[in-house]
Amino acid sequence: MGTRGDPARCWCQWFRLRNADFRTASVADNRAALRLQVEDPVAPGVIGYDDGGEPAGWCAVAPRRVYPRLATSTLVTSSDEDGLWSVTCFVVRTGARRQGVATVLLDGAIELARRQGARTLEAYPVDVTVKKPTSSELFHGPLPVFLRAGFVETGPRPKPTRAIVRLEL
């Protein structure tokens, strides 16, 4: 999804690795880890394509238990439970932003989780009405996209700009 910034380094491993492990992992390690995850029976997320067939965006979604960073995050106040999946990040290619790609990706993530037997989806989006985020801060997704998809905000916010939302499937 890019050759610069977080998408070029992370390869969607930020939540799948504990902090110390992520700090020591190389870009090649992260890329190799994602390639192995793609070979699993359950895909680690969804890809959206533009009209020309080029990848326009990515959304990570998986059972919450595969994201060890969420277990220690100060943003997450709920505990893991059977059937709980998390939507952890979005990457939308430059040139494809502000065109509804995140909405399409979230729809795909919901469908993937539903097909795999998830009972609840949880996410940790950014409330763009509180503070205008930078593009790199939006990797959790904008809150309005989740609300339009039927997610409901749960409990107190860990930060004014961050919500915890859930969708019962």
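Biologist: In which helix is the place of Ala33?

Modeller: This is a predicted model, in which local features need pLDDT of at least 70, side-chain atom pairs count only at pLDDT 80 or more, and totals for chains, interfaces and linings use all residues. Residues are numbered from 1 along each chain as its sequence is written, and side-chain values use heavy atoms, with hydrogens and water left out. Helices (DSSP runs of H or I, at least four residues) and strands (runs of E, at least two) are numbered from the N terminus. On that basis, Ala33 is placed in helix 3.

Biologist: Is Ala33 buried, partly exposed or exposed?

Modeller: Buried means under 20% relative accessible area, exposed over 50%, and partly exposed in between, with a 1.4 Å probe and protein chains only. The relative accessibility of Ala33 is 23%, so Ala33 counts as partly exposed.

Biologist: How far apart in space are Ala33 and Trp11, C-alpha to C-alpha?

Modeller: Along the sequence, 22 residues separate Ala33 from Trp11. Their C-alpha distance in space is 8.2 Å.

Biologist: What pattern does the protein chain follow along the sequence?

Modeller: The protein chain holds 6 helices and 6 strands. Read in order, they give α-α-α-β-β-α-β-α-β-α-β-β.

Biologist: What is the radius of gyration of the protein chain, and why does the chain count as being as compact as a globular protein of that length?

Modeller: The radius is taken over C-alpha atoms, and the globule rule is 2.2 Å times the number of residues to the power 0.38. For 169 residues the rule gives 15 Å, and the chain is close to that value, so it is as compact as a globular protein of that length. The radius of gyration is 15 Å.

Biologist: Against which elements do the buried residues of helix 5 pack?

Modeller: The buried residues of this helix include Val101, Leu105, Leu106 and Ile110. Contact means heavy atoms within 4.5 Å. The packing partners are strand 1 (45–49), strand 2, strand 3, strand 4, helix 6 and strand 6.

Biologist: How many disulfides does a search of the whole structure find?

Modeller: A disulfide is defined here as a pair of cysteine sulfur atoms within 2.5 Å. The search of the whole structure returns 0 disulfides.

Biologist: Which cysteine sulfur is nearest to that of Cys59, and how far away is it?

Modeller: Cys59 is buried, with a relative accessible area of 0%, and Cys89 is buried as well, at 8%. Cys59 is in no disulfide. The nearest cysteine sulfur is that of Cys89, at 7.0 Å.

Biologist: How far apart are the C-alpha atoms of Asp29 and Lys131?

Modeller: Asp29 lies in helix 3 (residues 27–39) and is partly exposed, at 45% relative accessible area. Along the chain, Asp29 and Lys131 are 102 residues apart. Their C-alpha atoms are separated by 34 Å.
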